[in-house]
Amino acid sequence: MQNSWLQQPLKAIDDGCYAESLAHQAQLTKPAGSLGQLESIACRLAAMQQRRDPDASRVRICLFAADHGIARAGVSAFPQEVTVQMVANFSQGGAAISVLARSLGAELEVVDMGTCSSPLSIERVVDRAIGPGTRSFEQEPAMNRQQLEQALAAGAERVEEAFDRGCDLFIAGEMGIGNTSSATAIAAALLDRAPSELVGPGTGIDREHVTRKAELIAAALQLHREGGVDLSEPLAVLECVGGFEIAAMTGAYLRCAQLGIPMLVDGFISSAAFLCAERLAPGCREWAFVGHCSAEPGHRILLESMVMDPLLQLQMRLGEGSGAAVAVPLLRSACALHNQMATFAQAGVSAGD
Ligand SMILES: Cc1cc2ncn([C@H]3O[C@H](COP(=O)(O)O)[C@@H](O)[C@H]3O)c2cc1C
Ligand SMILES: O=C(O)c1cccnc1
């Protein structure tokens, strides 16, 4: 994939703007540092947006959905057809992320990246289907290189569309029964950890099934390694054990950092996709906030590996972009405080030492 858009440089963060924002915070009518992380959130956002008054009003949530061959190996508490049923639910406004998007006044876009039963008849779904889901990665590579390139490009394209229409903050969400297995395999490969350290219940399988899930993922990684695949290489990992929606998220995150759109990362699956983006282009993380730390055990390990701090810890484990969406009000509060508080001089309040 030489000379492709993947090689484009990331946009530089404006350090001068960051320093100016810190100086502005120091003049606001409060003891220094008393707004804690809200201060650095506002300053980081100002530096990303290159503006004195950071803004998180125009939020775009892009939900990528796809099916996984591995779902047929009994790794989820739910059957595969739930993926497409949920796509309908997203578009009808009944899913958790539909409700959150509405309450935030955020735009929610649903992108079909390839599901077993076609959701084409469902209104308002963007069709970027690559095929009827991935192949089962316990037997063969989940996708081929061409499909991977298509998925990455689809994610990037949705970000470009958001950029053209004006977007202060981008959130990627996912839906795909079986995708915690794919995310676990990606994280285990790239972090060189045993799947048993990262695996979790996903939609709610019991301990016995979690153990089986870890064994199945470990065996799959061994199979691909023996087949000569370099499992430290993010594109090879996505090709072997990824998902169409996960690869689309990787493409979306990478494009955000190239175009300079601040992003808010969701849970375990999103963070596995983000790790691929960060490995492809170190520095993506400078453009990202992490909404929350999921209850899925591997999420904390993934975030620690990238030295990224989650804003919230609510024991959520849903995906869909929901843990990012619930953090949007924090970013909005940070912006409002930064932009609207009076300075000591303006309010005639004596400054401290
Ligand atoms: C009704 C329903 C709605 C969801 N929304 C997100 N997920 C989440 O659960 C799935 C991953 O878990 P696993 O690997 O165990 O299948 C993904 O679709 C993820 O987005 C859902 C799952 C279900 C059942
Ligand atoms: O953290 C997540 O993204 C997650 C966890 C469990 C199930 N689906 C998603």
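Mentor: Taken over C-alpha atoms, the centres of domain 1 and domain 2 are 32 Å apart, and keep in mind throughout that this is a predicted model. The domain assignment puts 11-53 + 339-347 in domain 1 and 59-332 in domain 2. Where they meet, 6 residues of domain 1 are in contact with 9 residues of domain 2. On the domain 1 side of that contact you'd find 4 nonpolar, 1 polar and 1 charged residues.

Now the core. The largest nonpolar core has 112 residues, and Leu63, Met113 and Tyr253 have the most contacts inside it. Helix H10 (residues 244-259) gives the most to this core, namely 10 residues. Because domain 1 (11-53 + 339-347) and domain 2 (59-332) both give residues to this core, it lies between them.

Leucine 63 is a handy place to start walking. Leaving out residues up to four places away in sequence, leucine 63 touches Phe90, Ile97, Leu108, Glu109, Val110, Val111, Gly173, Glu174, Met175, Glu320 and Gly321. One of those, Glu320, is what UniProt lists for "active site", in an unreviewed entry. Glutamate 320 sits in the loop between strand E7 (310-312) and helix H13 (322-325). Is glutamate 320 buried or exposed? Glutamate 320 counts as buried, because 27 other C-beta atoms lie within 10 Å and the cut-off for buried is 20 or more. Its contacts, again skipping residues up to four places away in sequence, are Leu63, Ala95, Ala96, Ile97, Gly173, Glu174 and Met175.

On to the ligands. Ligand 1 is surrounded by 18 residues, and the closest are Ser76, Thr180, Gly202, Thr203 and Gly319. Helix H3 (82-92), strand E4 (169-175) and helix H6 (179-191) are the elements that give two or more residues to this shell. The largest share, 3 residues, comes from H6. By class, the shell around ligand 1 divides into 7 nonpolar, 9 polar and 2 charged residues.

Ligand 2 has 14 residues around it, with Gly267, Phe268, Ser294, Arg317 and Gly319 the closest. Gly319 is listed among the closest residues for ligand 1 and for ligand 2. Helix H11 (residues 268-280) gives the most to the shell around ligand 2, with 3 residues. That shell is made up of 3 nonpolar, 8 polar and 3 charged residues.

If you follow the chain past H11, you get to tryptophan 287, in the loop between H11 and strand E6 (288-292). Tryptophan 287 is buried, since 23 other C-beta atoms lie within 10 Å. Setting aside neighbours within four places in sequence, tryptophan 287 is in contact with Met48, Cys256, Ala257, Pro262 and Met263.

Alanine 154 is another buried spot to look at. Alanine 154 belongs to helix H5 (residues 145-165) and counts as buried because it has 24 C-beta neighbours inside 10 Å. Met113 is one of the residues with the most contacts inside the core. From alanine 154 to glutamate 226 it's 31 Å, C-alpha to C-alpha, and 72 residues in sequence.

Last, a couple of backbone angles to check. Most residues other than glycine have a negative phi. Glutamine 50, however, has a phi near 50°, a positive value. Glutamine 50 is in the loop between helix H2 (37-49) and strand E1 (59-66), and it is partly exposed, with 13 other C-beta atoms within 10 Å. Aspartate 192 has a positive phi too, near 55°. You'll find aspartate 192 in the loop between H6 and helix H7 (195-198). Aspartate 192 counts as exposed, because 8 other C-beta atoms lie within 10 Å and the limit for exposed is 12 or fewer.

Note on methods: Residues numbered from 1 in each chain as written. Chains lettered and ligands numbered in written order. Predicted model: local features only at pLDDT ≥ 70, side-chain atom pairs only at ≥ 80, totals over all residues. Near = placed C-beta within 6 Å. Helix = DSSP H or I, 4+ residues; strand = E, 2+ residues; numbered from the N terminus. Nonpolar A, V, L, I, M, F, W, Y, C, P; charged D, E, K, R; others polar. UniProt positions renumbered as here; feature names shortened; annotations may be inferred. Contact = placed C-beta atoms within 7 Å. Domains from an automatic or database assignment. Core = buried A, V, L, I, M, F, W, Y, C linked by C-beta atoms within 7 Å.
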